[in-house]
Amino acid sequence: MKNVIEVKDLTKEYKKLKAVDDLSFEVKEGEILGLLGPNGSGKSTTINCILSLLNFQKGSIKIFGKEMKPDSYDLKRQIGVIFQEVAVFEELTVYDNVDYFCGLYINDKKLREKYVNEALELAGLLDYKKFYPKQLSGGLLRRLNIACGIAHKPKLIFLDEPTVAVDPQSRNNILEGIKKLRDNGATIVYTTHYMEEVEILCDRIIILDKGKILASGTASDLKELSEIDEKITVEISEIDESILNEINNLENVDDFTFEMNVLTVKYKKGKNNLGELINFLKKNNVTYNKIFSERPTLNDVFLSLTGKELRD
Amino acid sequence: MFWHNFKYSLKVLFKSKVLIFWTFAFPILMGIFFNLAFSDIENSEKLDVIDIAVVKSDEFDKNIIFKEAFKNLSDGDDKLFDIDYTNLDKAKQLLEDDKITGYLVFNDDINIVVSSSGINETILKYVVNEISSNAEMINTLAANDINNEIKKGNYNINYEEIYAGAYKLVSKDTAKLHNISNKNLSYTMIEYYTLIAMACLYGGILSMYIINYKLANMNSVGKRTAISPVHRGQMLVSSLLASYVVQLIGLAILFVFTISVLNVDYGDNLPMIILLALAGSLAGLSLGVIVATLIKANENAKTGILIAITMLGCFLSGMMGITMKYIVDTNVPLVNMINPASMITDGFYALYYYSTLDRFIFDIVSLLVFSILLIFISYFGLRRQKYDSI
């Protein structure tokens with residue numbers, strides 16, 4: 001597969017702070033690449049550098065094999081961006097907003113009308129055509145933001161935290177829409193600090209922190225990097241401290257915590273840890289409400305790599 | 001793309017209630033205020049005939065042009081000056097006693113002596129400057145005629161006849177001084193002209209508002225627009241054109257309102273005043289564009305800077321008191337040469353004080369050059385704009 005984006009040795013500094021530190025990566029045609037990292041990790045700065053909105057100190061950026069510059073209009077024509085902040089005109093209706101931004105790319109009025117309606121349909125906004133942005137809920141606004149960025153059917157789409165502060169229903173709608181875009185052949189760069197989203201959506205993930213790539217690969221590849229193999233969570237109303245201390249002696253246990261009546265036990269390896277823990281609790285007459293087992297998440301990977309939580 | 005951006009820029013501007021208030025409603029409210037405040041003094045506040053003195057001297061006697069011009073200016077019902085031809089001591093005394101605005105002394109040069117700065121002093125200075133520029137023209141024409149006579153071998157030259165001929169040639173220009181009338185010149189009218197001029201310049205808020213939507217460092221819409229494949233020049237000009245249309249509609253409403261509701265009489269000068277307002281509006285809009293593109297600050301700060309520049313320009317141009325124009329013209333003429341507010345006020349005064357349009361046209365051209373220059377600078381500032389931070 002061809003490289004749609006090639007970033008090489010990209011370094012961006014704000015005064016003395018390195019926001020992006022010698023970053024190199026590629027994005028293949030047709031894939032969804034997730035840039036995962038906490039706030040301030042350099043995700044948006046990287047995108048803004050790629051889009052030639054920001055000056056950078058070092059490095060090169062190629063899109064579709066060509067160097068990206070502010071006047072690379074032929075490249076810009078093939079790009080769509082959904083920014084973290086809602087980028088719409090308060091003075092225009094939903095339809096006019098999408099039509100305006102689509103019109104910056106598509107001259108033909110009939111084709112544009114078709115594209116605008118398709119974008120509104122994809123974003124689930126057909127019933128809100130005549131609404132003004134201030135009349136929309138936060139979730140609908142985010143969907144409008146997406147419709148404005150993708151109406152012209154770009155081949156390369158950047159989505160910069162499109163689901164921040166969005167209700168679950170709108171989030172699902174947005175994620176479904178992004179899958180459709182990928183199915184229609186678009187290459188997507190998706191930044192977020194929500195690990196669940198990248199796990200659901202992305203073919204490949206780059207974990208960023210302090211402007212550097214910590215790890216990259218598929219979700220499964222990355223989970224291999226985690227120091228734990230299983231995490232079991234149990235809701236317990238009461239447990240003696242002496243019993244708690246015995247948990248450390250169970251086989252494969254790496255660590256455990258007991259906070260707010262929730263016991264979390266992390267295991268380094270092993271696949272039958274759940275049965276053993278249930279037996280241990282029964283043996284010690286500990287009653288529990290819910291118990292469930294999880295494989296390591298990307299947050300655990302991030303924790304293993306940096307020693308801090310992804311959402312810290 | 002050009003008309004697409006133009007159409008939506010118009011929509012955005014017309015939908016912005018704040019802009020509509022400042023562009024359409026505020027000038028009308030100010031007009032109503034002026035009407036209420038000045039209507040009672042409209043008839044009594046015509047400028048008085050200006051008392052001046054001319055110190056008699058051989059130099060003045062030889063200066064045919066000035067003598068003729070002053071004769072015209074102190075004749076008839078609509079005369080501008082009452083002139084006392086006297087000696088230097090008496091002129092000084094008259095000035096000291098506050099009986100005259102100033103006096104003129106003709107030596108190698110023409111000295112204007114005044115004791116204070118005000119509208120009468122400014123008028124005196126303008127008129128003398130104008131006559132001087134005509135005098136130079138007459139002298140040049142006469143010198144050419146004299147050279148021609150010498151080339152023909154005619155050394156018996158009738159200088160008086162040649163100067164009279166040159167004077168006749170320029171008499172169209174000097175004749176305008178016959179028509180200088182103070183009968184329309186009232187403080188109320190000056191306030192209405194000031195209102196028009198300020199409305200022109202405050203159009204900069206319109207262009208700044210719409211251009212801010214094209215700048216990635218201003219807002220998220222700007223970021224989205226900046227990554228679109230539309231040429232920056234196209235975006236700039238179509239946005240500017242949209243703000244110009246809105247500004248002109250605002251001005252048209254202001255003119256219609258002042259004429260039909262407030263019964264303001266712009267007289268024969270109305271087409272020229274409209275022309276000046278068109279050029280002045282372009283200057284105001286280009287000022288807004290350059291502030292938007294070149295100054296790196298947030299929207300509120302930019303608005304503050306634009307208003308501050310406009311207010312300062314208006315102040316220095318004499319819109320808030322004509323004395324300031326006189327002081328600036330005398331001490332730092334360069335400031336008002338690049339001050340669009342001064343170009344507009346100067347254009348209005350030119351319509352009042354000169355019947356030919358030379359100076360008025362000069363002001364119009366100055367405003368256009370100023371506007372084009374600012375738009376070009378803005379374009380080059382915008383063309384390949386990348387930011388250090390957004």
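The largest nonpolar core holds 172 residues, and those with the most contacts inside it are Val98(A), Ala119(A), Ala147(A) and Ala151(A). A separate core has seven residues, including Ile232(A), Val234(A), Leu263(A) and Leu277(A). The model is predicted.

**Inside the core**

Start with Val98(A). Leaving aside neighbours within four places in sequence, Val98(A) is in contact with Val116(A), Ala119(A), Leu120(A), Ala147(A), Cys148(A) and Ala151(A).

Ala151(A) sits in the loop between helix H5 (138–150) and strand S7 (156–160) of chain A. Is Ala151(A) buried or exposed? Ala151(A) has 28 other C-beta atoms within 10 Å, so Ala151(A) is buried. Beyond the neighbours within four places in sequence, the contacts of Ala151(A) are Val98(A), Phe101(A), Cys102(A), Tyr115(A), Val116(A) and Ala119(A). Gly80(A) lies 71 residues from Ala151(A) along the chain, yet their C-alpha atoms are separated by 8.4 Å.

**The two chains**

The table sets out the overall values for each chain.

| Property | Chain A | Chain B |
|---|---|---|
| Helices and strands | 11 helices, 14 strands | 17 helices, four strands |
| C-alpha extent along principal axes | roughly 75 × 45 × 35 Å | about 80 × 60 × 35 Å |
| Residues, and share buried | 312 residues, 42% | 390 residues, 40% |
| Share of contacts at separation of at least 6 that join residues at least 24 apart | 67% | 75% |

**Domains of chain A**

Chain A has two domains: domain 1 (3–223) and domain 2 (230–306). Their C-alpha centres lie 39 Å apart. How many residues of domain 1 of chain A are in contact with domain 2 of chain A? There are 11 of them, and they meet nine residues of domain 2 of chain A. On the domain 1 side, helix H7 (195–201), strand S9 (204–209), strand S10 (212–217) and helix H8 (219–223) of chain A each supply at least two residues. By class, that side of domain 1 of chain A has eight nonpolar and three charged residues, with no polar ones.

**A sheet in chain A**

Four strands of chain A form an open sheet in the order S2-S1-S4-S5, with antiparallel pairing. Strand S2 (17–28) and strand S5 (66–67) of chain A are the edge strands. Each has a single partner strand, so one side of each is left without a neighbour in the sheet. Strand S1 (residues 3–14) and strand S4 (residues 58–63) of chain A pair in the antiparallel sense over five bridges. Which residue of S4(A) is the bridge partner of Lys8(A)? The partner is Ser60(A). Strands of a sheet pair through backbone hydrogen bonds, either parallel or antiparallel.

**Chain B**

Domain 1 covers 2–41 + 185–382, and domain 2 covers 50–179. The centres of domain 1 and domain 2 of chain B, taken over C-alpha atoms, are separated by 37 Å.

Strand S3 (residues 102–106) and strand S4 (residues 110–114) of chain B run antiparallel and are joined by five bridges. A hairpin of three residues links S3(B) to S4(B). Within this pairing, Val113(B) in S4(B) is the bridge partner of Tyr103(B).

Helix H11 (residues 232–261) of chain B has 30 residues. From its first C-alpha to its last, H11(B) reaches 43 Å, close to the 44 Å expected at 1.5 Å a residue. Just after H11(B), Asn263(B) takes a positive phi of about 55°.

**Where the chains meet**

The contact between the chains takes 30 residues from chain A and 25 residues from chain B. On the side of chain A that touches chain B, helix H2 (73–76), strand S6 (79–82) and helix H3 (94–103) of chain A each give two or more residues. Which of these elements gives the largest share? H3(A) does, with four residues. By class, the side of chain A that touches chain B has 19 nonpolar, five polar and six charged residues.

Terms used. Residues numbered from 1 in each chain as written. Chains lettered and ligands numbered in written order. Predicted model: local features only at pLDDT ≥ 70, side-chain atom pairs only at ≥ 80, totals over all residues. Domains from an automatic or database assignment. Contact = placed C-beta atoms within 7 Å. Nonpolar A, V, L, I, M, F, W, Y, C, P; charged D, E, K, R; others polar. Expected span 1.5 Å × (residues − 1). Buried ≥ 20, exposed ≤ 12 C-beta atoms within 10 Å, placed from the backbone. Core = buried A, V, L, I, M, F, W, Y, C linked by C-beta atoms within 7 Å. Pairing = 2+ DSSP bridges.
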